[in-house]
Amino acid sequence: MTVYLNGQFMPIAEARIPVLDRGFIFGDGVYEVIPVYSRRPFRLAEHLRRLQHSLHGIRLQNPHGGEEWARLVADLVARNAAEDQYLYLHITRGVAKRDHAFPNPPVAPTVFMMSNPLLSPPAELLAGGVGAVSAPDNRWLRCDIKAIALLPNVLLRQLAVDAGCTETVLIRDGFMTEGAASNIFAVKNGKLLAPPKDHLMLPGITYDVVLEIAQAAGIPHEVRKIAADEVFGADELLLTSSTKEVLAITALDGKPVGAGKPGAMFAGLHKLYQDFSPSGRG
Ligand code: PDD
């Protein structure tokens, strides 16, 4: 696997960073995950816009302009073998003596990118859906920043894995925010419900695509806060992310969601999503 680190492409085994990197010491950095279908990055401009939002949120200057990022991304895709890939972009505040305050004067940021093969969810998961657990959302109040400091997300996601499930649905102050590593939609009486993008959730690129698809296809939908009891009483629950695309959650906390199998909203949206994006059609 060929990766990019601070201006150079190299085999992953040769990529090294100093232990005083603030990403390692403090989790002081941000990241992006960009799907690539048939060697074409999907929604690159939107991912780069969100990266800029995250960098702004942590007061770190963007090390590259849009065209430069696009060139680096194209180069990384070309140097890796898979037709479908997911790219990981990671920027930290650089290497400095350990001090919580920003290095002054600023030091060069660390810029790392890697690519992995993107495997769309297998047929069994599409046919059967996935299980989820619920948990209180105990993360910070800037979940709109795609921060590399993911310890709460790691611990929350592990709750799902410990229960033999795929995702943890997060509840804060009586409302559903998102998943530990995905956005969550609910469906009630044929209407798709999406929580509003605010500081309590990551503004998902796949989330946007699903809402655009719903709009274009005339699927009833509403963006509003979703109460916890609406989640537990939903006809369907869906999760979305760049790597999982759209999946049905068919069990929550060991109880069936709706009929306990992927429903009509999932089937419709999943098909439209495939027509729209994967295999580079977007
Ligand atoms: N995570 N919410 C959280 C907390 C996430 O970590 C992710 C994606 C999403 C979905 O965003 P998008 O549709 O833009 O992928 C929502 C990525 C895939 C990850 O951390 O690997």
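Predicted model: local features only at pLDDT ≥ 70, side-chain atom pairs only at ≥ 80, totals over all residues.

Student: Okay, and which residues belong to domain 1 and domain 2?
Tutor: The domain assignment gives 2-117 for domain 1 and 123-276 for domain 2.

Student: How much area do domain 1 and domain 2 bury between them?
Tutor: About 1,700 Å², with 63% of it on carbon and sulfur atoms. In terms of contacts, 23 residues of domain 1 are in contact with 19 residues of domain 2.

Student: Which residues in domain 1 lose the most area to domain 2?
Tutor: Those are Y31, R43 and R50, which together make up 37% of what that side buries.

Student: How many salt bridges are there across that interface?
Tutor: One is found between domain 1 and domain 2. R43 also forms a salt bridge with E212, where the closest N and O atoms are 2.8 Å apart.

Student: Is R43 buried or exposed?
Tutor: R43 counts as buried, because its relative accessibility is 15% and the cut-off for buried is under 20%. E212 is partly exposed, at 38%.

Student: And in the whole structure, how many salt bridges?
Tutor: The search finds 16. Among them, R22 pairs with D28, again with the closest N and O atoms 2.8 Å apart. R22 is buried at 3% relative accessibility, and D28 is buried at 10%.

Student: Which residues are linked in a network of salt bridges?
Tutor: D137, R139, R172 and E178 are linked that way.

Student: Switching topic: what's helix α3 like?
Tutor: Helix α3 covers residues 66-79, so 14 residues, and it reaches 20 Å from its first C-alpha to its last, close to the 20 Å expected. Its buried residues are W69, L72, V73, L76 and V77. Seen down the axis of α3, they fall within an arc of 135°, so they line one face of the helix.

Student: What about the face of α3 turned away from that buried side?
Tutor: That face carries the exposed residues E67, R71 and A78.

Student: Last one: where does M265 lie?
Tutor: In helix α8, which spans residues 264-276. M265 is buried, with a relative accessible area of 10%. Leaving out residues up to four places away in sequence, M265 touches several others, including V187, K191, I219 and L238.

Note on methods. Residues numbered from 1 in each chain as written. Heavy atoms only, no water. Helix = DSSP H or I, 4+ residues; strand = E, 2+ residues; numbered from the N terminus. Buried < 20%, exposed > 50% of the residue type's maximum accessible area, 1.4 Å probe, protein only. Contact = heavy atoms within 4.5 Å. Expected span 1.5 Å × (residues − 1). Arc of directions from axis to C-beta. Domains from an automatic or database assignment. Buried area = accessible area lost by both parts, 1.4 Å probe. Salt bridge = Lys/Arg side-chain N within 4 Å of Asp/Glu carboxyl O.
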